[in-house]
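I opened this entry to record what I looked up, item by item, with the structure beside me. My notes begin with the ligand and end with the backbone.

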Amino acid sequence: MKIGVLGAGQLGRMLAIAAYPLGHQMAFTANSKDAPAAPLGRTFVNNNKHDAIKQLTNASEVITYESENTDVEIVKEINKTTDVYPGAKSLFTTQHRGREKAIFVKLGIPCAPYQMVNSLRDLEVAVEKIGLPAILKTATEGYDGKGQFVIRTKNQIEKAWQSMSGVEAILEGFVNFKRELSLIAVRGLDNSHKYYPLVENTHHNGILRLTISPAENISAKVQKQAEHYMQTLLDEMGHVGVLTIELFETSNGLVVNEMAPRVHNSGHWSIEGARTSQFENHVRAITNSPLGETDCLQQYCAMINIIGKHGPVNKVLELSNTHLHLYGKTERKGRKLGHITITANTLNEFKTTLSALEAFMP
Ligand SMILES: Nc1ncnc2c1ncn2[C@@H]1O[C@H](COP(=O)(O)OP(=O)(O)OP(=O)(O)O)[C@@H](O)[C@H]1O
Ligand SMILES: [Mg+2]
């Protein structure tokens with residue numbers, strides 16, 4: 001099929017790399033001709049956004065998007081002539097932290113207590129209800145921990161509100177977690193579901209640095225619980241394609257943090273680590289093809305993000321059980337430039353390789 005992607009970053013690039021072996025063609029909208037996905041398909045540059053979207057729609061049989069910050073009205077407009085997956089309901093829900101929390105509550109999925117905040121007065125009331133510490137976040141457009149303020153004492157309330165620059169915000173109770181996990185799943189047009197194993201994520205300065213797959217010591221019961229939450233969300237939203245949920249593991253069980261209606265950085269390991277990658281499964285879902293198996297090919301797998309600088313990448317290529325992915329971006333502080341996948345069948349081999357790549361971790 002002819003697949004169009006709104007956006008042309010590394011996610012679009014890896015979707016294309018997965019789509020070509022299945023015989024699909026790709027096209028993108030991009031902010032510049034140098035975008036990571038641009039070498040992989042027809043690229044319509046957003047000089048005039050409306051025209052670029054029209055050109056993409058005319059060139060595509062099905063459309064998907066890279067970001068939850070995609071304009072819902074644009075998706076609804078495209079959908080009048082061309083199918084867009086995931087649909088407007090998934091996008092509308094996941095681009096606003098308040099709507100996300102409301103659906104968790106509706107479906108009985110544990111999440112942090114929260115209050116929407118539109119003024120300093122709202123924030124004062126919310127702090128009384130939720131208690132401290134708490135995290136104030138912008139309701140929309142946050143990523144990599146941006147647009148967040150951890151409030152520890154009452155005298156920080158005013159500063160926290162000022163840091164939101166007047167936009168709608170959400171106050172969340174602080175979750176005392178043991179570790180951060182994520183679950184990636186895919187739902188097909190025929191209502192079939194596939195789930196990847198829970199993975200463990202480590203962040204630094206708000207940016208994901210390391211994913212371990214599968215997460216260590218996850219009981220079958222906890223995996224099933226996470227899959228159950230995921231299934232109710234997929235079905236409630238009529239989601240088609242990949243959906244990711246980020247969770248906290250606490251002493252009282254799983255607490256869901258947020259979700260993303262797309263392939264996710266914590267699923268990049270699946271390119272080499274799983275029988276079918278998250279990218280291929282997203283492509284399969286939106287083209288109404290059978291979904292692929294999601295089981296792990298090796299005992300141990302990890303993904304290390306390359307942030308800001310590449311460093312000596314030949315060191316990665318010299319190792320026998322690593323795979324290097326560079327996204328064709330120029331170096332810039334805090335930018336996701338690529339990632340490394342490590343696969344191993346023994347714990348010893350796994351640990352040795354992780355240590356050899358220490359220079360890529362903060
Ligand atoms: N309620 C909470 N309690 C404790 N820690 C939290 C809470 N919410 C967020 N955090 C911490 O802040 C990090 C970033 O928060 P969140 O995932 O909501 O933001 P984000 O900017 O959308 O991040 P990203 O786009 O990188 O996933 C989380 O990974 C977690 O470490
Ligand atoms: Mg997050």
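How does the shell around ligand 1 divide by class into nonpolar, polar and charged residues? I was working from a predicted model, and in it I found 5 nonpolar, 5 polar and 6 charged residues in the shell around ligand 1.

I then asked which of the 16 residues around ligand 1 come nearest. The list I wrote down is Ala112, Gly142, Tyr143, Glu172 and Val175.

Next I looked up the domains, and the assignment for the protein chain gives domain 1 as residues 2-84, domain 2 as 113-173 and domain 3 as 179-360. Returning to the ligand with these bounds, I noted that domain 2 and domain 3 each supply at least three residues to the shell around ligand 1. For the separation of domain 2 from domain 3, I recorded 29 Å between their C-alpha centres.

For the chain as a whole, I counted 12 helices and 18 strands. Taken along the principal axes, the box filled by the C-alpha atoms is roughly 55 × 55 × 40 Å.

I turned to one helix pair, helix 1 (residues 10-19) and helix 10 (residues 278-286), whose axes lie 8 Å apart and which pack at an angle of about 75°. Because angles of 65 to 115 degrees count as roughly perpendicular, I described helix 1 and helix 10 in that way. On the side of helix 1 the contact involves Met14, Leu15, Ala18 and Ala19, and these meet Phe279, Glu280, His282 and Val283 in helix 10. By class, I found 6 nonpolar residues, 1 polar and 1 charged in the contact of helix 1 with helix 10.

- The peptide bond from tyrosine 85 to proline 86 is cis, with omega near -5°, and I located proline 86 in the loop between strand 5 (83-84) and helix 4 (88-94).
- Serine 213 and proline 214 are also joined by a cis peptide bond, with omega about -10°, and proline 214 sits in the loop that runs between strand 13 (207-213) and helix 8 (220-237).
- Asparagine 205, although not a glycine, has a positive phi of about 50°, and I placed asparagine 205 in the loop between strand 12 (199-204) and strand 13.

Technical notes
Residues numbered from 1 in each chain as written. Chains lettered and ligands numbered in written order. Predicted model: local features only at pLDDT ≥ 70, side-chain atom pairs only at ≥ 80, totals over all residues. Near = placed C-beta within 6 Å. Nonpolar A, V, L, I, M, F, W, Y, C, P; charged D, E, K, R; others polar. Domains from an automatic or database assignment. Axes fitted to C-alpha atoms, helices over the stretch in contact; angles between N-to-C directions. Helix = DSSP H or I, 4+ residues; strand = E, 2+ residues; numbered from the N terminus. Parallel < 35°, antiparallel > 145°, perpendicular 65-115°, else oblique. Contact = placed C-beta atoms within 7 Å.
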